[in-house]
Amino acid sequence: MKPYVAYKQLDPLEKPEEPPAPRQPSWFTQKYSCCVLLTGILVTIFSFLVFIHLFNAWSGSAPLGGRSDVHSAGGPCSDPCRIVLVESIPEGMTYSGNSPMNPSTFDTWMSLIGGAKHSLDIAAFYWTMTNKDTRTHEPSAAQGEQILEELLKLPQSGVSVRVAVNTPSSKSPLHDLQALEQSGAAVRAVDMPRLTSGVLHTKLWVVDSTHLYLGSANMDWRSLTQVKELGTAVYNCSCLARDLSKVFEAYWALGLPDASIPVPWPANYSTAFNMETPLELRLNETGASVYFSSSPLALCAPGRTEDLRALLSIIDAAEEFVHIAVMSYLPTMEFSHPQRFWPVIDNHLRKAVYERKVQVRLLVGCWRHSKAAMFPFLRSLAAIADNKTHYSMEVRLFMVPATAAQAKIPYSRVNHNKYMVTEKVAYIGTSNWSGDYFVKTAGSALIVNETGDRAGGTATARGQLQAVFERDWSSQYSTDINDVEQWEHMCSFH
């Protein structure tokens, strides 16, 4: 939600005392015995076994600093997996009575916290869950404050809580992170600016290696009541949750002091589930092929599909339509100096329209922080369609309305969604669509192909996502990009 800025190397968050490392046998100190030859032989054998154990631990047979229950899954998944779309609809926004309404992010997070029995892992860009963090007196912050309060209770009830967060800047509020540490949670700041020249932009939860959340919502009270968010929760699906845990474990390992990105990643971070061999399971009683992608490429352990590759493959495979909702869309390296053109996604969208006659609809967030450069690129895409070509390319802007009081809340009132849906696939991600997010910034996405859903049933993730897109596309909050005067007034980017 916050605008991405050029990062310098920042002072790392003061590290808490590290949790105990996984138990490993100590080196056996051999003592020469001239008296009993058998004792010497036993010592040698035992030392060799210790060496093998330690070698396996360091080479990747157990997560470094992670949970011991994360393992490489394989084969079919028999879990009764249930997937639900999750939304935050900002206060003051209303839809018609027959519009799809999904569970709120707040209720979903409360449910996940309430159901946690053993562990909760959260990866987040930053934490601002209270009015204290934003120096506001906004009643709508109550939901964020309640979430934080419930999180702080978990360690006392025996639940292990781990938080991986992007290294805060000197101006970032630390109240939440300090409170989490004091409650008994383990917090690691991941110096992604140093590691990849980007940030940790992923937003994910894994509960008891069984349930998960992934989506656009930051750990920010505004993401619950003042920003339009979309994500997904998956329940009772250990085979999927354990695979997402490996993404978290990578961040967790990189949160160690002076950590570096492994080349290659140890085997325990690898996955068998990817674009070529997705996890086969049933979601809401529908057959589905599912996998997680990740960015940037340097953070993809063996087997993990790079997020950009997954995204492009979905566009290229579409035969009927590609519908996209994203806060910002720029065919550039948005934060690079000097400026760099980066038309990778743009080219694939144009190719889909031109070569395969696919319908492309792009719904982009419009707010005071929108980059002025974005709008000419969007109009260029929209210009592909005219009465002579009959190509189907439409671009609309989405604006969250705001009262005078709401307009004063910093970094709020925006459609923060980051998803794509085709006639085949649902893609729910954590990245905005410009080059930096895929080349430098840590993000992740859930890709779901429900083989039995070509009709768009709303029991499926793809059907639910398509319904949300259609609702927003045709709502009073969206307007055509070609209505120049209106979008200039709406976005106030100048």
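Strand β7, formed by residues 211-215, is mostly covered, with 5 of its 5 residues buried. The structure described here is a predicted model. Burial in β7 applies to both faces of the strand. On one side lie His211, Tyr213 and Gly215, and on the other lie Leu212 and Leu214, all of them buried.

Two strands that pair with β7 are β6 and β9. Strand β6 (residues 204-207) runs antiparallel to β7, and the pairing comprises 4 bridges. Within this pairing, Val206 is found opposite Leu212 of β7. The hairpin made by β6 and β7 has 3 residues between the strands, and in this hairpin Asp208 adopts a positive phi near 55°. The pairing of β7 with strand β9 (residues 229-235) is also antiparallel and has 4 bridges. Here the bridge partner of Leu212 is Val234 in β9. Strands β16 and β17 (residues 393-398) pair in the parallel sense through 6 bridges. Val360 is positioned opposite Met393 of β17.

The loop that joins β16 (359-365) to α11 (374-382) contains Ser370. Because its relative accessibility is 8%, Ser370 counts as buried. A polar atom of the Ser370 side chain lies 3.0 Å from the backbone nitrogen of Trp367. The C-alpha atom of Ser370 is separated by 7.3 Å from that of Ser328, although the two residues are 42 residues apart along the chain.

Side chains of opposite charge can pair when their charged atoms come close. In the whole structure, 15 salt bridges are found. One of the salt bridges links Arg194 and Asp191, with the closest N and O atoms 3.5 Å apart. Arg194 is partly exposed, at a relative accessible area of 35%, whereas Asp191 is buried, at 10%.

Another salt bridge is formed by the side chains of Asp220 and Arg222, with an N to O distance of 2.8 Å. Asp220 has a relative accessibility of 0% and so counts as buried. Arg222 is likewise buried, with a relative accessible area of 2%.

A salt bridge also connects Asp472 with Lys228, and its closest N and O atoms are 2.6 Å apart. Asp472 belongs to helix α13 (residues 461-473), and Lys228 to the loop between α7 (222-225) and β9, so the pair ties together parts that are 244 residues apart in sequence. Asp472 and Lys228 are both buried. These two residues are also members of a network of salt bridges that links Glu87, Lys228, Arg471 and Asp472.

Methods. Residues numbered from 1 in each chain as written. Predicted model: local features only at pLDDT ≥ 70, side-chain atom pairs only at ≥ 80, totals over all residues. Heavy atoms only, no water. Buried < 20%, exposed > 50% of the residue type's maximum accessible area, 1.4 Å probe, protein only. Polar contact = N/O pair within 3.5 Å; in protein donor to acceptor, adjacent residues only side chain to side chain. Pairing = 2+ DSSP bridges. Salt bridge = Lys/Arg side-chain N within 4 Å of Asp/Glu carboxyl O.
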